[in-house]
Amino acid sequence: ELNQLLLIVSGRGEMRIESGLQPFSAPALLIVPAATVHAFEFEPDTAGYVVTIAEASVREVLRRDPALGGLFDSGASLSLTDGDADPGELERAVRALRREIVWPAPAHTLAAEAHLVTLLVGAARALLQHACGPGWQRGPRAALVARFRDILDQHFRAGWSLGRYARDLSVSPTRLRAACMQVTGK
């Protein structure tokens with residue numbers, strides 16, 4: 001019931017997850033889902049942070065925003081050198097989370113949750129960028145997919161058809177499907 005995020009700030013190594021081997025080099029983010037067989041081999045002087053997150057905490061965040069739903073679907077080694085993921089921002093979130101967990105200040109639990117959410121959002125965005133490739137967030141098709149995701153988040157329980165979403169976005173279902181395929185590969 002424990003998921004892990006490893007933020008690698010210096011060094012390199014390999015992550016074995018299930019039966020696959022994934023090399024990594026700092027700055028990197030490693031995603032390890034709960035109940036996943038994994039092992040790491042770190043080169044000397046590799047440094048970073050391990051954040052262990054209970055499945056119940058992940059479910060609570062997902063209840064409020066399902067956009068983070070695929071984060072712990074499978075293991076991944078994500079390079080943070082290219083794109084919009086800011087390794088410094090992720091490291092600040094981890095350090096602040098660590099401070100709030102041990103600090104008995106008023107509202108420290110709420111502050112810790114805020115830093116955890118910042119970390120999870122950064123990880124989900126890094127995963128999306130990794131899956132979609134560089135430049136995923138640019139262009140008219142990407143803008144259409146972003147608008148689609150916004151509407152989908154609002155109405156996913158309503159059981160709308162693809163045609164209904166397309167009408168709401170003022171495009172054809174074919175155009176919406178093509179944009180999704182180009183931007184997300186799905």
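This is a predicted model: local features need pLDDT of at least 70, side-chain atom pairs count only at pLDDT 80 or more; totals for chains, interfaces and linings use all residues.
Residues are numbered from 1 along each chain as its sequence is written, and side-chain values use heavy atoms, with hydrogens and water left out. Local features need pLDDT of at least 70 and side-chain atom pairs count only at pLDDT 80 or more, whereas totals for chains, interfaces and linings use all residues.

**Exercise 1. Overall description**

Task: State how many helices and strands the chain has, and describe its extent and burial.

Solution. 
- Step 1. The chain has six helices and seven strands, where helices (H or I, at least four residues) and strands (E, at least two) are DSSP runs numbered from the N terminus. Their order along the sequence is β-β-β-β-β-β-α-β-α-α-α-α-α.
- Step 2. The C-alpha trace spans about 55 × 40 × 30 Å along its principal axes.
- Step 3. Of the 186 residues, 36% are buried, that is, under 20% relative accessible area with a 1.4 Å probe, counting protein chains only.
- Step 4. Among contacts (heavy atoms within 4.5 Å) between residues at least 6 apart in sequence, 66% join residues at least 24 apart.

**Exercise 2. Strand β4**

Task: Determine why strand β4 is largely enclosed by the rest of the structure, and identify which strands pair with it.

Solution. 
- Step 1. Strand β4 covers residues 28–32, and five of its five residues are buried, so the strand is largely enclosed by the rest of the structure.
- Step 2. In a regular strand the side chains alternate between the two faces of the sheet. Here A28, L30 and V32 point one way, L29 and I31 the other way, and all are buried.
- Step 3. Two strands pair if DSSP finds at least two bridges between them. Strand β1 (residues 2–10) runs antiparallel to β4 and is joined to it by five bridges; L7 stands opposite L29.
- Step 4. Strand β7 (residues 76–79) is also antiparallel to β4, through four bridges, and A76 of β7 stands opposite I31.

**Exercise 3. Packing on helix α6**

Task: Characterise how α4 and α5 are oriented against α6, and which residues of α5 and α6 make their contact.

Solution. 
- Step 1. The axes of α4 (residues 140–155) and α6 (residues 173–184) come within 9 Å and cross at roughly 105°. Axes are lines fitted to C-alpha atoms, for helices over the stretch in contact, and angles run from 0 to 180 degrees between N-to-C directions.
- Step 2. This makes α4 roughly perpendicular to α6, a term for angles of 65 to 115 degrees.
- Step 3. Helix α5 (residues 162–169) packs against α6 at about 95°, with the axes 8 Å apart, which means that α5 is also roughly perpendicular to α6.
- Step 4. L162, G163, Y165, A166 and L169 of α5 meet P173, L176 and R177 of α6.

Methods:
Buried means under 20% relative accessible area, exposed over 50%, partly exposed in between (1.4 Å probe, protein chains only). Angles under 35 degrees count as roughly parallel, over 145 as roughly antiparallel, 65 to 115 as roughly perpendicular and the rest as oblique.
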